[in-house]
Amino acid sequence: MRVDYDALRRGDLSLATEGAKHSRQDLRQLTEEMIDAVRARIAGATDDVVVFQPNDPEADDPGAPPAEREQGWTLGHVVVHTTAGSEEGAALALTLARGAPVEGRPRYETPWQEVTTIDQVVHRLDESRRMRLAMLDAWPDQPHLDNAITPIERYGPLNAPARFLLGLMHEAWHLPQLEEIMRQARAARGA
């Protein structure tokens, strides 16, 4: 199944329109594809790669000491961040699908500093897959597709499928970051 996440992020495609095209079963498939895409990008990663500190000029933090300004996120950090975002999207989508009001952000991010092994990363991905699919399974047979929220003004009101897609879009945005971490880690160890 193909979703142009880059066009969605740029605003060339509407999340609301794209969301209307996707059934709950489509969202299940897109979730499976996203987790598989992450796993494909980190294939061959070892514990040292999980904690490898990449250089990332886009991570420039003017408030950080000069030596730390371009320190990128570790692979473990990216994985816990992206899975937390997609799980939040799934939880909000479930709330919307049930017709309930959304209050606050149901976000929890595993402390990335504690994710130091590839086994922990794989477990986090498998756990996130299970949780997201379970939340999709909890949707009512007739979801309330008229129930919407506007979490980010430029994307407009998002109903359950669109809000779920927003989480996947965010995760897709980080895929090149995972590729770059893997590239830098291989180069650093001379592989």
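Student: Which residues have the most contacts inside the largest nonpolar core?
Tutor: First, the general idea. In soluble globular proteins, nonpolar side chains tend to be buried together. A nonpolar core is a set of buried Ala, Val, Leu, Ile, Met, Phe, Trp, Tyr and Cys residues joined through side-chain atoms within 4.5 Å. Buried means under 20% relative accessible area, exposed over 50%, partly exposed in between (1.4 Å probe, protein chains only). Here the largest core has 49 residues, and those with the most contacts inside it are Tyr-5, Leu-15, Ile-42, Leu-75, Val-121, Trp-139 and Leu-178. Among the elements giving two or more residues are α1 (5–10) and α5 (75–97). Helix α5 gives the most, with 10 residues.

Student: How far can I trust this?
Tutor: The model is predicted: local features need pLDDT of at least 70, side-chain atom pairs count only at pLDDT 80 or more, and totals for chains, interfaces and linings use all residues. Residues are numbered from 1 along each chain as its sequence is written, and side-chain values use heavy atoms, with hydrogens and water left out.

Student: How many helices and strands are there?
Tutor: Helices (H or I, at least four residues) and strands (E, at least two) are DSSP runs, numbered from the N terminus. This protein has 8 helices and 0 strands.

Student: What does Trp-139 touch?
Tutor: Contact means heavy atoms within 4.5 Å. Leaving out residues up to four places away in sequence, Trp-139 touches Arg-24, Leu-27, Ala-93, Leu-94, Ala-97, Ala-160 and Pro-161.

Student: How much of the protein is buried?
Tutor: Of its 191 residues, 46% count as buried.
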